[in-house]
Amino acid sequence: VKLSHVKCHAALRELGGQGVVSRRRSGSAILYRLSPRHFLYQKMLKPLFAREQAVGNELARMILRELSPRKPISLALFGSSITPEARTDSDLDLLVILPDQTTPKEVEFGFDKAGEAVGAYFGNQLSPLVVRKIEFRRRIGARDTLYSGIYRTHKLIYGSGLTEVLA
């Protein structure tokens, strides 16, 4: 959303006047918070936020179904699909961390099938980055730019957290 801070502040002030948000000062900043008892929050925003969380769960279930019986350690979204810059045609960049005894080649066919299912259901192309746990740990240890960025900004949708994978 391209919105100037002036227009954003005006919109938030109006929402405050309607009781949708509350505001308080913290130093020179004004902090806004959704009012959890307001009708719009209860009947519209709260269910929407819950549904948004469920989308990641649906995506993970679709992928896991196609990879069965092999299970990854972690599935984590990264890239533009989890940023405000995401477009309706953005790829779903997905970090897949496999157990060390599973090779990426072993799950390749499952990801081909998962990609077709995800494309048909969500309308986005699945772009998996598949690595074994040992390789992920090595890349993070080497301060690889791509992997470090994924580690900082990812959204976990299945399995062990990336911090746990590194432990």
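In this predicted model, Glu58 is in contact with Arg51, Tyr121 and Phe122, leaving aside its neighbours within four places in sequence. Glu58 is found in helix 2. That helix covers residues 39-67. The relative accessibility of Glu58 is 14%, so the residue counts as buried. The cut-off for this class is under 20%.

Two of these contact partners of Glu58, Tyr121 and Phe122, also pair with each other through their rings. A pair of aromatic rings is described by the distance of the centres and the angle of the planes. For Tyr121 and Phe122, the centres lie 4.9 Å apart. The planes stand at 90°. The arrangement is therefore edge-to-face, a class that needs an angle over 60 degrees. In total, the structure holds two aromatic pairs. Phe122 has a relative accessibility of 25% and so counts as partly exposed.

Helix 2 also takes part in the largest pocket. The volume of this pocket is about 550 Å³. Its lining is made up of 17 residues, and the closest to the centre are Glu52, Val55, Ser81, Ile82 and Leu92. Helix 2 gives the most to this lining, with six residues. By class, the lining holds nine nonpolar, five polar and three charged residues.

A hairpin is formed by strand 1 and strand 2, with two residues between them. Strand 1 spans residues 21-26, and strand 2 spans residues 29-34. The two strands run antiparallel and are paired over six bridges. In the turn, Gly27 has a positive phi of about 65°. One of the bridges links Arg23 to Tyr32 in strand 2.

Both members of this bridge, Arg23 and Tyr32, are also in contact with His9. His9 has its place in helix 1, which covers residues 5-17. Leaving aside neighbours within four places in sequence, the contacts of His9 are Arg23, Ile30 and Tyr32. His9 and Tyr32 are separated by 23 residues in sequence. In space, their C-alpha atoms are 9.7 Å apart. The relative accessibility of His9 is 27%, and the residue therefore counts as partly exposed.

Methods:
Residues are numbered from 1 along each chain as its sequence is written. This is a predicted model: local features need pLDDT of at least 70, side-chain atom pairs count only at pLDDT 80 or more; totals for chains, interfaces and linings use all residues. Side-chain values use heavy atoms; hydrogens and water are left out. On a 1 Å grid over the protein atoms alone, a cavity is a set of points where a 1.4 Å probe fits but cannot get out, and a pocket is an open set with protein on both sides within 12 Å along at least five of seven lines; lining residues have an atom within 4 Å of a point. Grid points are joined across faces, edges and corners, and a volume is the space filled by probe spheres set on the points. Helices (H or I, at least four residues) and strands (E, at least two) are DSSP runs, numbered from the N terminus. Ala, Val, Leu, Ile, Met, Phe, Trp, Tyr, Cys and Pro count as nonpolar, Asp, Glu, Lys and Arg as charged, and the others, Gly among them, as polar. Two strands pair if DSSP finds at least two bridges between them. Rings of Phe, Tyr and Trp (its six-membered ring) pair if their centres lie within 6.5 Å; planes under 30 degrees apart count as stacked, over 60 as edge-to-face and the rest as tilted. Buried means under 20% relative accessible area, exposed over 50%, partly exposed in between (1.4 Å probe, protein chains only). Contact means heavy atoms within 4.5 Å.
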